Amino acid sequence: MSLLTAPEIILRPVISEKSIDESSRGKYTFVVHRDANRIQIKAAIEELYKSDKVTVVAVNVVTKQPGTKTSGTRRGRTTGRISGWRKAIVTLAPGQKIQFFEGV
């Protein structure tokens, strides 16, 4: 197991319509390092947002597998690769918020 720091584990928040809607229910979505496990993700969130005094109740992890993308152009078909990524949906204790997501 590699030793990763909190900023290396939590790469960036996912800003989408669904993730903003879920943030009102106390669930926040982040893109995370591919080698990070649930325990590391929980510790990283609590460390990065300790000014907000958050307590992580649950961590759900989804891995998007890499794939190929095909598009048609005037000169024929082109294929490319889509890199895989991993996201974590973090549930906080009731009544807690992460201020970063507020006002987005």
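Colleague: What radius of gyration does the chain have, and what would a compact globule of 104 residues have?

Modeller: The radius of gyration is taken over C-alpha atoms, and the globule rule is 2.2 Å times the number of residues to the power 0.38. For 104 residues a compact globule would come out near 13 Å, but the chain has 17 Å. Along the principal axes, the C-alpha atoms fill a box of roughly 55 × 35 × 20 Å. This is a predicted model, in which local features need pLDDT of at least 70 and side-chain atom pairs count only at pLDDT 80 or more, while totals for chains, interfaces and linings use all residues. Residues are numbered from 1 along each chain as its sequence is written, and side-chain values use heavy atoms, with hydrogens and water left out.

Colleague: How many helices and strands does the chain have?

Modeller: Helices (H or I, at least four residues) and strands (E, at least two) are DSSP runs, numbered from the N terminus. The chain has three helices and six strands, in the sequence pattern α-β-α-β-α-β-β-β-β.

Colleague: What share of the contacts with a separation of 6 or more comes from residues 24 or more positions apart?

Modeller: Contact means heavy atoms within 4.5 Å. Residues 24 or more positions apart account for 64% of those contacts.

Colleague: How is an aromatic pair read, and how many does the structure hold?

Modeller: A pair of aromatic rings is described by the distance of the centres and the angle of the planes. Rings of Phe, Tyr and Trp (its six-membered ring) pair if their centres lie within 6.5 Å; planes under 30 degrees apart count as stacked, over 60 as edge-to-face and the rest as tilted. The structure holds one aromatic pair. Phe 30 and Tyr 49 form it, at 6.1 Å centre to centre with 40° between the planes, which is tilted. The pair links distant parts of the chain, 19 residues apart: Phe 30 is in strand S2 (residues 27-32), and Tyr 49 is in the loop between helix H3 (38-48) and strand S3 (56-64).

Colleague: Is Tyr 49 buried or exposed?

Modeller: Buried means under 20% relative accessible area, exposed over 50%, partly exposed in between (1.4 Å probe, protein chains only). Tyr 49 has 16% relative accessibility, so it counts as buried. Phe 30 counts as buried because its relative accessibility is 0%. Of the 104 residues of the chain, 30% count as buried.

Colleague: Which residues does Val 56 touch, leaving out those up to four places away in sequence?

Modeller: Val 56 is in strand S3 and touches Lys 42, Ile 45, Glu 46, Val 90, Thr 91 and Leu 92 under that exclusion. With a relative accessible area of 4%, Val 56 is buried.

Colleague: Where is Val 62 found, and which residues does Val 62 touch?

Modeller: Val 62 is also found in strand S3. Not counting residues up to four places away in sequence, Val 62 touches Trp 85, Arg 86 and Lys 87. Val 62 has 39% relative accessibility and counts as partly exposed.

Colleague: What is the phi of Lys 53?

Modeller: Most residues other than glycine have a negative phi, and most peptide bonds are trans. Phi of Lys 53 is near 55°, a positive value in a residue other than glycine. Lys 53 lies in the loop between H3 and S3 and is exposed, with a relative accessible area of 66%.
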